[in-house]
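The entries follow in the order I checked them.

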Amino acid sequence: MAILVTGGLGYIGSHTVVELIQSNFEVIIVDDLSNTEKYILDGIQKITGVRPVFYPFDLKRRELLTQVLEAHKIEACIHFAAYKAVGESQEKPIDYYENNLFSLINLLQEFKSRNISNFIFSSSCTVYGQADEMPIWEETPLKQPESSYGRTKRMGEDILKDFAIAHHKKVSLLRYFNPIGAHPSALIGELPLGVPNNLVPYICQTAAGIRACLSIFGQDYPTADGTAIRDYIYVVDLAKAHVAALKKVIHHKTDSLIDIYNLGTGKGSSVLEVVKGFEAANQVRVKYEFKPRRTGDITIAYADVSKAERELNWKASTSLEEALKTTWQWQKHLESRNS
Ligand code: WQD
(Lines give C-alpha, C1' and ligand atoms only; values in the text may rest on other atoms or scores of the structure.)
Protein backbone atom coordinates (compact mmCIF):
# COMPACT_ATOMS: atom_id res chain seq x y z
CA MET A 1 0.00 0.00 0.00
CA ALA A 2 1.46 3.35 -0.99
CA ILE A 3 1.00 6.96 0.06
CA LEU A 4 0.18 9.38 -2.76
CA VAL A 5 1.98 12.70 -2.14
CA THR A 6 0.85 15.44 -4.50
CA GLY A 7 3.31 18.33 -4.76
CA GLY A 8 5.86 15.91 -3.31
CA LEU A 9 8.83 17.72 -4.88
CA GLY A 10 7.77 21.05 -3.41
CA TYR A 11 9.12 22.67 -0.27
CA ILE A 12 7.06 21.02 2.47
CA GLY A 13 6.17 18.07 0.25
CA SER A 14 9.77 16.99 -0.32
CA HIS A 15 10.63 17.20 3.37
CA THR A 16 7.54 15.14 4.15
CA VAL A 17 8.48 12.53 1.51
CA VAL A 18 11.86 12.12 3.25
CA GLU A 19 10.19 11.56 6.62
CA LEU A 20 7.65 9.14 5.10
CA ILE A 21 10.37 7.03 3.48
CA GLN A 22 12.38 7.05 6.70
CA SER A 23 9.22 5.80 8.43
CA ASN A 24 9.09 2.91 5.93
CA PHE A 25 6.18 4.15 3.86
CA GLU A 26 6.11 3.57 0.09
CA VAL A 27 5.63 6.96 -1.60
CA ILE A 28 4.20 7.87 -5.01
CA ILE A 29 4.79 11.50 -6.04
CA VAL A 30 2.73 13.54 -8.48
CA ASP A 31 4.12 17.01 -9.12
CA ASP A 32 3.76 19.31 -12.16
CA LEU A 33 7.13 20.98 -11.41
CA SER A 34 5.49 24.42 -11.66
CA ASN A 35 7.15 25.60 -8.44
CA THR A 36 10.10 23.26 -8.01
CA GLU A 37 12.76 21.39 -9.99
CA LYS A 38 13.27 17.69 -10.64
CA TYR A 39 16.69 17.63 -8.95
CA ILE A 40 14.86 17.74 -5.61
CA LEU A 41 14.09 14.08 -6.37
CA ASP A 42 17.85 13.44 -6.50
CA GLY A 43 18.16 15.07 -3.09
CA ILE A 44 15.43 12.82 -1.66
CA GLN A 45 17.25 9.79 -3.03
CA LYS A 46 20.62 10.92 -1.60
CA ILE A 47 19.09 11.45 1.84
CA THR A 48 17.01 8.28 2.01
CA GLY A 49 18.65 5.88 -0.46
CA VAL A 50 15.22 5.50 -2.07
CA ARG A 51 14.05 7.12 -5.32
CA PRO A 52 10.27 7.29 -5.03
CA VAL A 53 8.09 6.76 -8.10
CA PHE A 54 7.48 10.20 -9.63
CA TYR A 55 4.82 11.26 -12.16
CA PRO A 56 5.35 14.75 -13.66
CA PHE A 57 1.86 16.01 -14.46
CA ASP A 58 -0.78 18.53 -13.47
CA LEU A 59 -3.59 17.13 -11.30
CA LYS A 60 -6.12 19.03 -13.40
CA ARG A 61 -5.46 16.28 -16.00
CA ARG A 62 -7.77 13.77 -14.38
CA GLU A 63 -7.13 11.06 -16.98
CA LEU A 64 -3.47 10.92 -15.89
CA LEU A 65 -4.46 10.74 -12.24
CA THR A 66 -6.77 7.84 -13.08
CA GLN A 67 -3.85 5.93 -14.59
CA VAL A 68 -1.76 6.40 -11.43
CA LEU A 69 -4.55 5.15 -9.19
CA GLU A 70 -5.03 2.13 -11.41
CA ALA A 71 -1.31 1.35 -11.36
CA HIS A 72 -0.77 1.65 -7.60
CA LYS A 73 -2.68 0.56 -4.50
CA ILE A 74 -3.03 3.86 -2.66
CA GLU A 75 -3.78 3.78 1.08
CA ALA A 76 -3.80 7.53 1.73
CA CYS A 77 -3.05 10.88 0.15
CA ILE A 78 -1.15 13.88 1.45
CA HIS A 79 -2.17 16.76 -0.79
CA PHE A 80 0.34 19.62 -1.05
CA ALA A 81 -0.03 20.51 -4.74
CA ALA A 82 -1.32 24.09 -4.96
CA TYR A 83 -0.26 27.56 -6.00
CA LYS A 84 0.73 29.40 -2.84
CA ALA A 85 2.01 32.92 -3.53
CA VAL A 86 -0.23 35.32 -1.64
CA GLY A 87 0.60 38.38 -3.76
CA GLU A 88 0.36 36.49 -7.08
CA SER A 89 -3.04 35.14 -6.05
CA GLN A 90 -4.37 38.70 -5.95
CA GLU A 91 -3.22 39.26 -9.54
CA LYS A 92 -4.42 35.87 -10.86
CA PRO A 93 -7.34 34.81 -8.64
CA ILE A 94 -9.09 32.67 -11.28
CA ASP A 95 -5.88 30.74 -11.99
CA TYR A 96 -5.60 30.08 -8.26
CA TYR A 97 -9.23 28.93 -7.92
CA GLU A 98 -8.96 26.76 -11.03
CA ASN A 99 -5.66 25.13 -10.04
CA ASN A 100 -6.13 24.73 -6.32
CA LEU A 101 -9.78 23.65 -6.39
CA PHE A 102 -9.91 21.60 -9.62
CA SER A 103 -6.86 19.61 -8.48
CA LEU A 104 -8.52 18.86 -5.16
CA ILE A 105 -11.86 17.97 -6.74
CA ASN A 106 -10.23 15.61 -9.25
CA LEU A 107 -8.51 13.80 -6.39
CA LEU A 108 -11.73 13.50 -4.41
CA GLN A 109 -13.77 12.29 -7.39
CA GLU A 110 -11.21 9.54 -8.00
CA PHE A 111 -10.94 8.66 -4.30
CA LYS A 112 -14.72 8.53 -3.95
CA SER A 113 -15.05 6.05 -6.84
CA ARG A 114 -12.19 3.91 -5.53
CA ASN A 115 -13.30 3.99 -1.95
CA ILE A 116 -9.92 5.37 -0.82
CA SER A 117 -10.13 7.10 2.54
CA ASN A 118 -7.42 8.87 4.56
CA PHE A 119 -6.84 12.30 3.08
CA ILE A 120 -4.43 14.82 4.59
CA PHE A 121 -4.75 18.40 3.40
CA SER A 122 -2.13 21.13 3.44
CA SER A 123 -4.02 24.06 4.89
CA SER A 124 -2.86 27.28 6.50
CA CYS A 125 -3.33 29.53 9.50
CA THR A 126 -4.39 32.12 6.96
CA VAL A 127 -7.93 30.72 7.33
CA TYR A 128 -8.10 32.48 10.72
CA GLY A 129 -7.40 35.91 9.24
CA GLN A 130 -6.44 38.24 12.12
CA ALA A 131 -7.68 36.24 15.09
CA ASP A 132 -9.07 38.27 17.98
CA GLU A 133 -7.11 36.39 20.64
CA MET A 134 -3.71 34.67 20.90
CA PRO A 135 -2.69 31.90 20.85
CA ILE A 136 -4.83 30.59 17.99
CA TRP A 137 -6.40 27.22 18.61
CA GLU A 138 -8.46 24.97 16.31
CA GLU A 139 -11.77 26.32 17.60
CA THR A 140 -10.75 29.91 16.99
CA PRO A 141 -13.44 31.34 14.67
CA LEU A 142 -12.39 31.45 11.03
CA LYS A 143 -12.46 34.75 9.21
CA GLN A 144 -12.49 35.68 5.56
CA PRO A 145 -8.87 35.14 4.44
CA GLU A 146 -7.21 38.27 3.10
CA SER A 147 -6.11 36.72 -0.21
CA SER A 148 -7.45 34.52 -3.00
CA TYR A 149 -4.75 32.02 -2.01
CA GLY A 150 -6.14 31.96 1.54
CA ARG A 151 -9.69 31.62 0.23
CA THR A 152 -8.71 28.52 -1.79
CA LYS A 153 -7.46 26.99 1.47
CA ARG A 154 -10.68 27.87 3.27
CA MET A 155 -12.79 26.48 0.38
CA GLY A 156 -10.61 23.39 0.24
CA GLU A 157 -11.31 22.73 3.90
CA ASP A 158 -15.07 23.14 3.35
CA ILE A 159 -15.00 20.77 0.36
CA LEU A 160 -13.12 18.17 2.40
CA LYS A 161 -15.53 18.43 5.33
CA ASP A 162 -18.46 17.71 2.97
CA PHE A 163 -16.48 14.89 1.34
CA ALA A 164 -15.70 13.26 4.70
CA ILE A 165 -19.30 13.39 5.92
CA ALA A 166 -21.05 12.44 2.68
CA HIS A 167 -18.69 9.55 1.88
CA HIS A 168 -17.55 8.56 5.37
CA LYS A 169 -13.89 9.31 4.68
CA LYS A 170 -11.17 10.27 7.13
CA VAL A 171 -9.75 13.74 6.59
CA SER A 172 -7.02 15.60 8.44
CA LEU A 173 -6.72 19.36 7.90
CA LEU A 174 -3.25 20.62 8.83
CA ARG A 175 -3.10 24.39 9.34
CA TYR A 176 0.52 25.45 9.02
CA PHE A 177 1.83 28.61 10.55
CA ASN A 178 5.03 29.85 8.91
CA PRO A 179 7.31 27.08 7.61
CA ILE A 180 11.04 27.93 7.45
CA GLY A 181 14.42 26.26 7.05
CA ALA A 182 15.76 23.32 5.05
CA HIS A 183 16.79 19.71 5.60
CA PRO A 184 19.99 19.45 7.71
CA SER A 185 21.69 17.64 4.83
CA ALA A 186 21.28 20.82 2.71
CA LEU A 187 20.24 18.50 -0.14
CA ILE A 188 16.64 19.75 -0.23
CA GLY A 189 15.10 23.05 0.71
CA GLU A 190 12.86 25.84 -0.48
CA LEU A 191 13.29 26.86 -4.13
CA PRO A 192 11.79 30.35 -4.27
CA LEU A 193 11.54 30.76 -8.03
CA GLY A 194 11.74 34.47 -8.78
CA VAL A 195 11.56 37.15 -6.09
CA PRO A 196 10.70 35.52 -2.74
CA ASN A 197 7.34 36.53 -1.26
CA ASN A 198 8.13 35.16 2.17
CA LEU A 199 10.34 36.75 4.81
CA VAL A 200 13.01 34.13 5.49
CA PRO A 201 13.96 33.38 1.87
CA TYR A 202 14.18 37.13 1.26
CA ILE A 203 16.39 37.63 4.32
CA CYS A 204 18.63 34.78 3.12
CA GLN A 205 18.96 36.14 -0.43
CA THR A 206 19.74 39.61 0.97
CA ALA A 207 22.52 38.16 3.14
CA ALA A 208 23.81 36.30 0.07
CA GLY A 209 23.91 39.52 -1.97
CA ILE A 210 21.23 38.35 -4.39
CA ARG A 211 18.86 41.07 -3.10
CA ALA A 212 20.18 44.52 -2.29
CA CYS A 213 18.06 45.23 0.75
CA LEU A 214 15.25 43.63 2.73
CA SER A 215 12.09 45.72 3.03
CA ILE A 216 10.50 45.29 6.42
CA PHE A 217 6.80 45.88 5.82
CA GLY A 218 5.54 47.92 8.72
CA GLN A 219 7.24 49.33 11.79
CA ASP A 220 4.02 50.64 13.36
CA TYR A 221 2.31 47.44 14.47
CA PRO A 222 1.12 47.31 18.09
CA THR A 223 3.97 44.96 19.07
CA ALA A 224 7.06 45.35 21.24
CA ASP A 225 9.33 46.40 18.36
CA GLY A 226 6.63 47.59 15.96
CA THR A 227 7.06 44.74 13.48
CA ALA A 228 4.57 41.95 12.83
CA ILE A 229 4.67 38.66 14.68
CA ARG A 230 4.38 35.14 13.26
CA ASP A 231 4.95 31.55 14.42
CA TYR A 232 7.95 30.25 12.44
CA ILE A 233 8.08 26.44 12.41
CA TYR A 234 11.04 24.39 11.17
CA VAL A 235 10.05 22.52 8.01
CA VAL A 236 11.38 19.14 9.22
CA ASP A 237 9.32 19.41 12.41
CA LEU A 238 6.33 20.21 10.20
CA ALA A 239 7.09 17.20 7.97
CA LYS A 240 7.17 14.93 11.01
CA ALA A 241 3.72 16.19 11.98
CA HIS A 242 2.41 14.93 8.62
CA VAL A 243 3.75 11.44 9.33
CA ALA A 244 2.12 11.54 12.76
CA ALA A 245 -1.20 12.66 11.27
CA LEU A 246 -0.98 9.96 8.59
CA LYS A 247 -0.38 7.22 11.16
CA LYS A 248 -3.36 8.45 13.10
CA VAL A 249 -5.77 8.30 10.16
CA ILE A 250 -4.58 5.01 8.67
CA HIS A 251 -4.49 3.25 12.01
CA HIS A 252 -7.96 4.65 12.69
CA LYS A 253 -6.90 6.03 16.05
CA THR A 254 -9.66 8.50 15.80
CA ASP A 255 -13.45 8.36 16.09
CA SER A 256 -13.91 11.62 14.21
CA LEU A 257 -14.03 11.74 10.44
CA ILE A 258 -12.45 15.20 10.38
CA ASP A 259 -9.38 16.15 12.43
CA ILE A 260 -7.98 19.69 12.41
CA TYR A 261 -4.55 20.61 13.77
CA ASN A 262 -2.64 23.87 14.12
CA LEU A 263 1.01 23.20 13.34
CA GLY A 264 3.35 25.78 14.79
CA THR A 265 5.79 26.16 17.66
CA GLY A 266 3.40 28.04 19.95
CA LYS A 267 5.88 30.95 20.02
CA GLY A 268 5.61 34.25 18.17
CA SER A 269 8.64 36.04 16.70
CA SER A 270 8.70 39.54 15.20
CA VAL A 271 10.18 40.33 11.80
CA LEU A 272 13.07 42.15 13.48
CA GLU A 273 13.69 39.20 15.80
CA VAL A 274 13.92 36.91 12.75
CA VAL A 275 16.34 39.28 11.00
CA LYS A 276 18.55 39.54 14.10
CA GLY A 277 18.25 35.80 14.69
CA PHE A 278 19.41 35.08 11.14
CA GLU A 279 22.39 37.42 11.54
CA ALA A 280 23.39 35.83 14.88
CA ALA A 281 22.87 32.25 13.71
CA ASN A 282 24.95 32.68 10.56
CA GLN A 283 27.33 35.50 11.49
CA VAL A 284 26.18 37.57 8.52
CA ARG A 285 24.70 41.02 8.08
CA VAL A 286 21.28 41.68 6.57
CA LYS A 287 20.69 45.14 5.14
CA TYR A 288 17.12 46.28 5.68
CA GLU A 289 14.90 49.34 5.54
CA PHE A 290 11.41 49.94 6.85
CA LYS A 291 8.57 50.31 4.33
CA PRO A 292 4.82 50.74 4.79
CA ARG A 293 2.75 47.75 5.79
CA ARG A 294 2.01 45.15 3.06
CA THR A 295 -1.66 44.99 2.02
CA GLY A 296 -3.40 42.00 3.56
CA ASP A 297 -0.85 41.40 6.30
CA ILE A 298 -2.07 40.73 9.82
CA THR A 299 -0.39 41.96 12.99
CA ILE A 300 0.12 38.76 14.91
CA ALA A 301 -0.42 35.00 14.64
CA TYR A 302 0.97 32.20 16.74
CA ALA A 303 -0.48 28.78 17.50
CA ASP A 304 -1.86 26.94 20.47
CA VAL A 305 -0.25 23.58 19.64
CA SER A 306 -1.66 21.57 22.54
CA LYS A 307 -4.09 19.56 20.41
CA ALA A 308 -1.41 18.34 17.99
CA GLU A 309 0.92 17.59 20.89
CA ARG A 310 -1.79 15.61 22.67
CA GLU A 311 -3.41 13.79 19.76
CA LEU A 312 -0.44 13.36 17.42
CA ASN A 313 2.17 12.91 20.12
CA TRP A 314 4.14 15.50 18.19
CA LYS A 315 5.90 18.72 19.18
CA ALA A 316 8.07 21.14 17.20
CA SER A 317 11.51 20.80 18.75
CA THR A 318 13.81 23.03 16.67
CA SER A 319 14.66 26.57 17.72
CA LEU A 320 14.29 29.57 15.44
CA GLU A 321 18.07 30.04 15.27
CA GLU A 322 18.70 26.38 14.44
CA ALA A 323 16.11 26.57 11.65
CA LEU A 324 17.67 29.77 10.31
CA LYS A 325 21.08 28.08 10.19
CA THR A 326 19.67 25.40 7.87
CA THR A 327 18.31 28.10 5.55
CA TRP A 328 21.80 29.54 5.15
CA GLN A 329 23.37 26.08 4.62
CA TRP A 330 20.82 25.41 1.86
CA GLN A 331 21.63 28.79 0.29
CA LYS A 332 25.32 27.81 0.25
CA HIS A 333 24.40 24.49 -1.38
CA LEU A 334 22.44 26.32 -4.09
CA GLU A 335 25.39 28.60 -4.77
CA SER A 336 27.74 25.64 -5.07
CA ARG A 337 25.29 23.98 -7.49
CA ASN A 338 25.11 27.10 -9.62
CA SER A 339 28.86 27.83 -9.61
C1 WQD B 1 5.85 37.13 7.33
C2 WQD B 1 6.06 38.53 7.89
C3 WQD B 1 5.46 40.27 6.35
C4 WQD B 1 8.54 39.52 3.39
C5 WQD B 1 2.08 33.63 4.12
C6 WQD B 1 0.80 32.86 3.90
C7 WQD B 1 0.87 31.54 4.63
C8 WQD B 1 2.06 30.79 4.15
C9 WQD B 1 3.32 31.62 4.45
C10 WQD B 1 2.50 29.61 2.12
C11 WQD B 1 4.93 39.49 7.54
C12 WQD B 1 6.95 40.31 6.66
C13 WQD B 1 7.73 39.43 4.50
C14 WQD B 1 9.40 40.65 3.23
C15 WQD B 1 8.62 41.50 5.33
N16 WQD B 1 1.87 30.52 2.77
N17 WQD B 1 7.78 40.40 5.45
N18 WQD B 1 9.41 41.59 4.22
O19 WQD B 1 2.41 36.48 5.05
O20 WQD B 1 2.75 35.46 7.38
O21 WQD B 1 2.18 33.96 5.47
O22 WQD B 1 3.21 32.86 3.75
O23 WQD B 1 3.22 28.76 2.51
O24 WQD B 1 -0.30 30.79 4.32
O25 WQD B 1 -0.29 33.59 4.43
O26 WQD B 1 4.43 35.01 5.56
O27 WQD B 1 6.83 35.26 5.17
O28 WQD B 1 5.23 36.46 3.62
O29 WQD B 1 5.52 37.28 5.95
O30 WQD B 1 8.65 42.39 6.19
O31 WQD B 1 10.17 40.78 2.23
O32 WQD B 1 7.23 39.07 7.28
O33 WQD B 1 4.94 41.60 6.29
O34 WQD B 1 4.74 40.38 8.62
P35 WQD B 1 2.90 35.35 5.90
P36 WQD B 1 5.56 35.99 4.99
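I count a residue as lining a pocket if it has an atom within 4 Å of a point of that pocket. The model is predicted.

**Entry: second largest pocket**

I looked up the space in the second largest pocket and got about 220 Å³. I then listed its lining: Glu37, Tyr39, Leu191, Pro192, Leu193, Gln205, Ile210, Gln331, Leu334, Glu335, Arg337 and Asn338. Which helix gives the most to this lining? I found helix α11, residues 320-338, with five residues. I sorted the lining by type and got six nonpolar, three polar and three charged residues.

**Entry: shell around the ligand**

I checked side-chain N or O atoms against oxygen atoms of the ligand. For Asn178 I read 3.0 Å from a side-chain N or O atom to a ligand oxygen. For Arg230 the value is 2.6 Å, again from an N or O atom in the side chain to an oxygen of the ligand. For Asp297 a polar side-chain atom lies 2.5 Å from a ligand oxygen. I then looked up how much of the ligand is covered: taken alone it exposes 690 Å², and the protein buries 91% of that.

Definitions and conventions. Residues numbered from 1 in each chain as written. Predicted model: local features only at pLDDT ≥ 70, side-chain atom pairs only at ≥ 80, totals over all residues. Heavy atoms only, no water. 1 Å grid on protein atoms, 1.4 Å probe; cavity = no way out; pocket = protein on both sides within 12 Å on 5 of 7 lines; lining within 4 Å. Points joined across faces, edges and corners; volume = space filled by probe spheres on them. Helix = DSSP H or I, 4+ residues; strand = E, 2+ residues; numbered from the N terminus. Nonpolar A, V, L, I, M, F, W, Y, C, P; charged D, E, K, R; others polar. Polar contact = N/O pair within 3.5 Å; in protein donor to acceptor, adjacent residues only side chain to side chain. Areas by Shrake-Rupley, 256 points an atom, 1.4 Å probe, with all protein chains shown as cover.
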